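Please examine the sequence and the structure shown below before reading on. The briefing that follows starts with a term, then turns to the overall form and to individual residues.

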Amino acid sequence: MENPEVRFLELRPGAVDTHFAGSRPGKPKEHGFLRPEEVAEALRCVLKLPPDVRVEELMLRSVYQRPEF
């Protein structure tokens, strides 16, 4: 690795309850959408890790959203 001080993360949330793509926020959790706060909390957890830990990919899905592999 050229510069071990530089870290990157591919954040891959599933469906998020936002205005993205013209949708309207406020859907029930059972419709398979994550709340934006849940995605932000997951990112905060990664950012709190020690500098020598690298998380390269984080995929989040609601338990109500169909898995995609």
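A residue counts as buried when its relative accessible area is under 20%, as exposed when it is over 50%, and as partly exposed in between. Proline 28, at 39% relative accessibility, therefore counts as partly exposed. The model discussed here is predicted.

**Overall architecture**

- The protein contains one helix and two strands, and from the N terminus on these elements follow the order β-α-β.
- The radius of gyration of the protein is 15 Å, well over the 11 Å that the globule rule gives for 69 residues, so the protein is more spread out than a compact globule.
- Taken along the principal axes, the C-alpha atoms of the protein fill a box of roughly 45 × 25 × 20 Å.
- Among the contacts in the protein with a separation of 6 or more, 56% are accounted for by residues 24 or more positions apart.

- Of the 69 residues of the protein, 17% count as buried.
- The accessible surface of the protein comes to about 5,700 Å², and carbon and sulfur atoms hold 57% of this surface.

- Serine 62 is located in the segment after strand E2, which spans 57-60.
- With a relative accessible area of 6%, serine 62 is under the 20% limit and is therefore buried.
- The side chain of serine 62 reaches the backbone nitrogen of tyrosine 64 at 3.1 Å.
- When neighbours within four places in sequence are left aside, serine 62 is in contact with Lys29, Gly32, Phe33 and Leu34.
- Glutamine 65 also has its place in the segment after E2.
- The relative accessible area of glutamine 65 is 19%, a value under 20%, and so this residue counts as buried.
- The side chain of glutamine 65 reaches the backbone nitrogen of alanine 15 at 3.1 Å.
- Not counting residues up to four places away in sequence, glutamine 65 touches Gly14, Ala15 and Gly32.

**Partly exposed residues**

- Proline 28 is found in the loop between strand E1 (10-13) and helix H1.
- Proline 28 and glutamine 65 are 37 residues apart in sequence, and their C-alpha atoms are 12 Å apart in space.
- Leucine 43 belongs to helix H1, which covers residues 36-47.
- Leucine 43 has a relative accessible area of 28%, which lies between the limits of 20% and 50%, and so this residue is partly exposed.
- The C-alpha atoms of leucine 43 and phenylalanine 69 are separated by 21 Å, while the two residues are 26 residues apart along the chain.

- Glutamate 2 lies in the segment before E1.
- Is glutamate 2 buried or exposed? With a relative accessible area of 85%, which is over 50%, glutamate 2 is exposed.
- Glutamate 2 and glutamate 41 are 39 residues apart along the chain, and a distance of 29 Å separates their C-alpha atoms.

Key
Residues are numbered from 1 along each chain as its sequence is written. This is a predicted model: local features need pLDDT of at least 70, side-chain atom pairs count only at pLDDT 80 or more; totals for chains, interfaces and linings use all residues. Side-chain values use heavy atoms; hydrogens and water are left out. Helices (H or I, at least four residues) and strands (E, at least two) are DSSP runs, numbered from the N terminus. The radius of gyration is taken over C-alpha atoms; the globule rule is 2.2 Å times the number of residues to the power 0.38. Buried means under 20% relative accessible area, exposed over 50%, partly exposed in between (1.4 Å probe, protein chains only). Contact means heavy atoms within 4.5 Å. Accessible areas come from the Shrake-Rupley method with a 1.4 Å probe; for residues, only the protein chains shown count as cover. A polar contact is a pair of N or O atoms within 3.5 Å; within protein, one must be able to donate a hydrogen and the other to accept it, and residues adjacent in sequence count only if both atoms are side-chain atoms.
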